[in-house]
Amino acid sequence: MSLALSGAAPAPPADAVDGVWLECIACEETFAPFEDVRYTCDACDGLLEVRYADPPTFEDFSGRGVWRYADALPLESGVSVREGDTPLYEVPRLEADVGVEALRIKHEGMNPTGSFKDRGMTVGVAVARELGVDRLACASTGNTSAALAAYGSRAGMETLVLLPAGKVAAGKVAQASLHGARILEVDGNFDACLDVVQDLAARGEAYLLNSLNPFRLEGQKTIGLEILEAFRDDYGAWPDRIVLPVGNAGNTAALYKAFRELVQTGALAPDDVPKLTGVQAEGAAPMVEAVENGADEVRRWDEVETRATAIRIGNPVNAPKALPGIRETGGTAVAVSDAEITAAQRDLAGEGIGVEPASAASVAGLRTLRAEGAVGGDERVVCLTTGHLLKDPDAAAAAGADPEPVPADTDGVLEHLRA
Ligand code: F0G
């Protein structure tokens with residue numbers, strides 16, 4: 001099986017360019033990387049991965065941000081707004097409360113447009129430029145559209161975003177709008193938007209920049225590389241587990257790929273690979289269902305609902321890449337309620353870390369797994385928080401305290417404070 005954790009770096013096929021090629025994870029057909037626009041396998045429609053004849057070791061990394069990891073990426077540089085280099089925060093109160101040996105928060109909300117999507121777009125939009133396409137498109141629950149709008153405008157390219165009408169948080173629509181994307185509001189959920197964008201891409205009308213695009217996931221690998229390096233430098237060991245929110249399972253797939261490549265070069269021992277642990281909202285949990293049933297395929301949920309609109313997704317397109325990642329690393333997946341997500345959002349805010357609801361799912365999931373005993377008290381854990389609090393100001397205001405009206409004089413204010 002081509003997605004096994006262990007194994008040597010593959011030999012390059014004849015169509016590799018500078019040791020880089022695309023390979024189908026299902027039938028192993030290979031393709032040149034930048035010649036034609038291609039998202040899935042011509043032969044069997046399986047998912048494609050970028051492969052390297054020469055995967056990196058930690059010694060290969062120097063510089064700043066995502067492009068510090070150029071040796072692990074298909075290009076030397078990208079369309080950049082200085083993405084990556086996000087903080088790995090200590091959260092001592094939450095760590096003690098959850099009851100694990102160590103807990104760190106990797107806050108991807110600290111990227112330029114406020115989510116991890118920037119890491120994918122700096123690579124994906126650069127590849128689009130390389131391919132010479134003229135119109136970019138994505139379906140989105142919001143963050144992908146904000147990032148694509150920003151990176152598309154930076155590259156001077158036309159950008160279309162398809163959003164599920166009424167189901168995208170205010171901050172994200174505002175970003176896509178001001179960065180100049182054309183926003184098409186679709187009468188349907190995210191999965192329906194993605195069906196349309198895939199069709200537009202298949203007809204050659206636009207270049208698709210959802211996480212089905214294998215180049216985008218290459219950029220997102222750098223989340224895993226940063227976590228490993230920062231945790232090792234901070235703690236003197238690798239983390240045992242990484243807990244992350246799951247929608248299309250692109251990040252799960254990307255982190256697993258980063259770890260596989262380090263294992264290929266011997267930079268990371270297979271036993272040291274963190275357990276990938278996915279969290280979904282109860283109302284949109286097809287990956288959790290598949291993991292719990294030990295299934296190889298995910299059943300598409302047609303009806304999905306959660307306050308964590310970023311992960312309101314019923315058809316995780318990267319499941320064929322992500323399920324092996326969860327399985328091979330000894331991880332798991334768990335569903336959490338909207339109330340648990342909001343409680344975790346407050347917990348993080350109480351440590352000074354402002355995240356949007358979907359992001360807090362990671363912490364809510366960790367709490368659940370720790371309470372069930374599936375996560376041990378001796379574990380060193382990193383929770384990924386994927387988007388910034390200001391992405392969804394309505395959810396933040398609803399989860400926080402209401403403003404208190406006071407008169408415009410000091411005595412009146414003091415009287416109110418004493419009451
Ligand atoms: N967290 C946030 C804040 C997200 O925006 C997303 C996905 C995820 C988690 C899930 O990540 O798909 O890699 O499993 N948002 C996409 C979007 C779908 O359109 O912005 P995944």
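Which residues are closest to the ligand, and how many surround it? Hold that thought for a moment, everyone, while I cover the ground rules.

This is a predicted model, where local features need pLDDT of at least 70, side-chain atom pairs count only at pLDDT 80 or more, and totals for chains, interfaces and linings use all residues. Residues are numbered from 1 along each chain as its sequence is written, and side-chain values use heavy atoms, with hydrogens and water left out.

Back to the ligand. It is surrounded by 19 residues, and the closest are Ser 140, Thr 144, Gly 247, Asn 248 and Thr 386; to be near, a residue needs a heavy atom within 4 Å. Now the polar contacts, meaning pairs of N or O atoms within 3.5 Å; within protein, one must be able to donate a hydrogen and the other to accept it, and residues adjacent in sequence count only if both atoms are side-chain atoms. A side-chain N or O atom of Ser 140 sits 2.7 Å from a ligand oxygen. Asn 143 brings a polar side-chain atom to 2.8 Å from an oxygen of the ligand, while Asn 248 uses a polar backbone atom, also at 2.8 Å from a ligand oxygen. Of the 480 Å² that the ligand exposes when taken alone, the protein buries 99%, with areas from the Shrake-Rupley method and a 1.4 Å probe.

Next, please look at strand β11, residues 275-281. Strands here are DSSP runs of E with at least two residues, helices are H or I runs with at least four, and both are numbered from the N terminus. Two strands pair if DSSP finds at least two bridges between them. β11 runs parallel to β10 (residues 241-245), joined by five bridges, and Leu 244 stands opposite Gly 278. β11 also pairs in the parallel sense with β12 (residues 332-336), again over five bridges; there, Gln 280 faces Ala 335.

β10, helix α7 (residues 250-265) and β11 form a right-handed β-α-β unit: with the strands pointing away from the viewer, the path from the first strand over the helix to the second runs clockwise.

Is β11 mostly covered or mostly open? Mostly covered: six of its seven residues are buried, which is under 20% relative accessible area with a 1.4 Å probe, protein chains only. Thr 277 counts as buried because its relative accessibility is 0%. Its side chain makes a polar contact of 2.9 Å with that of Arg 241. Leaving aside neighbours within four places in sequence, Thr 277 has contacts including Val 243, Gly 331 and Leu 369, with heavy atoms within 4.5 Å.

Thanks, everyone!

Conventions: Buried < 20%, exposed > 50% of the residue type's maximum accessible area, 1.4 Å probe, protein only.
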